Amino acid sequence: MDNNLIVREVANLFLPIIVLFGLYVQFHGDFGPGGGFQAGVIIAVGVILYALVHGLTKTRQLIPLRVIRVLMAVGLLLYAGTGIATLLLGGEFLNYNVLGSDPLTGQHVGILLIELGVGITVAAVMVMIFYAFAGRGRE
Amino acid sequence: MLAATAIALVYLRSLFVAVMLTGIYSLLSAALFVLLDAVDVAFTEAAVGAGITTVLFLGMLSQVPSRPEHFRELNLRIGPLLVALVTGAALIYATQDMPAFGDPNAPANLHVAPRYINDSKSETGMPNIVTSVLASYRGYDTLGEVTVIFTAGVGVLLLLGRPRRRPAEERDGQ
């Protein structure tokens, strides 16, 4: 689809908006609908749109599979690490009350951290699955 | 409309149209979830079901021959149809005993739901109850879900991630 001018330009126009919307869903999930899972999917959709328009090779240069593989684990470790942190701070596993000076701040920090972990893992896994499917039979 | 899409899906021969119809089915389900006030679920359904799944299916379609040679003839068999109809009728009959949709006195709504609705704002400071339940009260479950997604990703990576072996190597391996 590399030579399709209109598709390429419209996609370029939409890409920043998609990623921005993904970040909004990620960090506004406490107040509106959404959260880490949806945000991860939206950001992955942005990457996939880029890959569809600009080709898989270019996308893989931009976001190599190495990075994706690491990010998959980073998200999960961030989630589990938040749980370990609460343990070390004297609470139960994933009891965020101990993360801040008062329970409400702690809850806020904890939920933000684990939602971020969910988002990173989901986005990385979705992009990775797309890479695996789209790249098949091309090597 | 959901039923019409599902029936059309069963009878379709073209894989491409079938993929598009599954996307439409997901979008219709998302609209249904919005009508039921489950915005978070609708969001997920629209993004995953209608968005990513369709793209992945299309990617898969480019790997398989566009016209599979063997299409089983669709013939209407009375036996399975009868079983399906009787089971469906029994399930619909059973719903008569269920509490009405959204009934505040239903057993499912009396267990932990009142605490979520009354206290989640003061306990977690989140206006969105869905987020506070998913991320805080049921943090264990969500950790498990993320682990499932991660494991699925690792599985795909192991199965499809590496470049295909050349035929010569495959023959040597056998």
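Chain B has 174 residues, of which 24% count as buried. The model shown is a predicted one.

As to secondary structure, chain B contains eight helices and zero strands. Its pattern along the sequence accordingly reads α-α-α-α-α-α-α-α. Among the contacts in chain B with a separation of 6 or more, 38% are between residues 24 or more positions apart.

Attention now turns to chain A and to one pair of its helices. Two packed helices are described by the angle between their axes and the distance between the axes. Helix 2 of chain A spans residues 36–54 and helix 5 of chain A spans residues 103–134; the two pack at an angle of about 30°, with their axes 7 Å apart. Because angles under 35 degrees count as roughly parallel, helix 2 of chain A and helix 5 of chain A are roughly parallel to each other. The crossing in which helix 2 of chain A passes helix 5 of chain A is right-handed.

On the side of helix 2 of chain A, the contact is made by A:Gly36, A:Phe37, A:Gly40, A:Val41, A:Ala44, A:Val47, A:Ile48, A:Ala51 and A:Leu52. Helix 5 of chain A contributes A:Glu115, A:Val118, A:Gly119, A:Val122, A:Ala123, A:Met126, A:Val127 and A:Phe130.

Notes. Residues are numbered from 1 along each chain as its sequence is written. Chains are lettered from A and ligands numbered from 1 in the order in which they are written. This is a predicted model: local features need pLDDT of at least 70, side-chain atom pairs count only at pLDDT 80 or more; totals for chains, interfaces and linings use all residues. Side-chain values use heavy atoms; hydrogens and water are left out. Axes are lines fitted to C-alpha atoms, for helices over the stretch in contact, and angles run from 0 to 180 degrees between N-to-C directions. Helices (H or I, at least four residues) and strands (E, at least two) are DSSP runs, numbered from the N terminus. Angles under 35 degrees count as roughly parallel, over 145 as roughly antiparallel, 65 to 115 as roughly perpendicular and the rest as oblique. A crossing is left-handed if the near helix is turned anticlockwise from the far one by less than a right angle, and right-handed if clockwise. Contact means heavy atoms within 4.5 Å. Buried means under 20% relative accessible area, exposed over 50%, partly exposed in between (1.4 Å probe, protein chains only).
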